[in-house]
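Here are a few notes to read alongside the model. Have a look at the structure before going on.

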Amino acid sequence: MTQLQLELVLDHKATLGEGPCWDQRNGTLYWVDIKQNQVHAYDPRQGTNSTITLDQMVGAAVPRAGGGLVLALQHGFHLLNWETGELTFIDDPERDKPDNRFNDGKCDAAGRFWAGTLSFEEKEPVAALYVLEKDRKVRKVLDGVTVSNGLGWSPDGCTMYYIDSPTRRVVAYDYDVETGSMSSVRTVLSLPEGGGFPDGMTVDAEGMLWVAQWDGWQVSRWNPQTGEQIAAISVPAARVTSCTFGGEDNDELYITTARTGLSEEELAKQPHAGGVFRIKPGVHGLPTHTFGG
């Protein structure tokens with residue numbers, strides 16, 4: 001695969017840049033800075049980045065079919081009106097767990113919003129994966145999670161991929177898009193020692209997985225059928241957090257990074273940590289699914 005030039009599109013110095021999500025309808029990249037409580041909207045045509053700052057940490061933001069965004073916030077699921085900044089609370093399934101917060105989230109082809117949690121300590125399996133149905137009911141899907149992270153589906157929608165970061169693995173489930181049910185879990189890839197931890201993830205049109213490697217300085221491409229790594233994109237930031245395809249032809253890979261937890265000495269060696277990067281890796285992504293509720 002031809003690797004073209006990696007471009008720094010936003011030298012934002014985000015504390016914990018995460019969750020890039022492309023909206024085909026308006027050509028906008030939504031992304032979040034979890035620890036600054038911010039949702040961002042980057043317009044590559046104008047080169048502008050708009051920001052809404054909330055009153056709590058924001059784990060994920062995904063476009064909603066009816067307009068605006070659905071959010072996984074520190075305290076549960078909300079809707080955000082981008083024009084007014086107004087938040088509408090839906091539900092907080094972990095209101096009894098004040099030491100947990102929501103993290104990564106994504107929608108499936110049927111318009112359900114999937115998002116999981118982590119504890120601030122990130123050491124104990126006290127978190128879970130949830131799904132917000134289109135009727136706004138919340139269902140717990142997995143328990144015993146430590147750091148819920150990347151999600152994705154195969155091009156035919158019949159396989160769901162999931163990352164619990166400390167396991168250093170990506171697992172797959174047989175997936176029924178009509179019912180939103182998962183079965184038959186198996187490991188499809190394991191990160192090698194020294195590669196950091198798998199964080200956010202996206203799936204391309206060929207069904208290959210793109211995995212952001214926290215403390216791994218890269219995004220790697222994997223064949224989930226064989227568990228083999230096919231390619232890697234080096235990123236000038238250790239803490240690579242997530243990636244998604246975007247652009248007019250859905251052939252641009254956007255990559256988010258973080259500065260949190262790095263010393264001044266480490267940051268001096270990676271001045272663009274916390275930036276948003278872009279590259280054309282030679283393949284196309286799958287369209288972003290919107291929330292149907």
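1. Start with Arg95, which is exposed at 56% relative accessibility (buried means under 20% relative accessible area, exposed over 50%, partly exposed in between, with a 1.4 Å probe and protein chains only). Its salt-bridge partner is Asp91, with the closest N and O atoms 2.9 Å apart; Asp91 counts as partly exposed at 21%. A salt bridge here is a side-chain nitrogen of Lys or Arg within 4 Å of a carboxyl oxygen of Asp or Glu.

2. A word on the basis: this is a predicted model, where local features need pLDDT of at least 70, side-chain atom pairs count only at pLDDT 80 or more, and totals for chains, interfaces and linings use all residues. Residues are numbered from 1 along each chain as its sequence is written, and side-chain values use heavy atoms, leaving out hydrogens and water.

3. By that salt-bridge rule, the count comes to 16. Take Arg221 and Asp204, which meet at 2.8 Å, N to O. Arg221 lies in strand β20 and Asp204 in the loop between β18 and β19, so the pair ties together parts 17 residues apart in sequence (strands are DSSP runs of E, at least two residues, numbered from the N terminus). Both Arg221 and Asp204 are buried.

4. Which residues do salt bridges with shared partners join into one network? They are Asp108, Arg112, Glu133 and Arg139.

5. Asp11 and Lys13 also form a salt bridge, at 3.1 Å, N to O. Asp11 is partly exposed at 39% relative accessibility, and Lys13 is partly exposed at 38%.

Methods
Helices (H or I, at least four residues) and strands (E, at least two) are DSSP runs, numbered from the N terminus.
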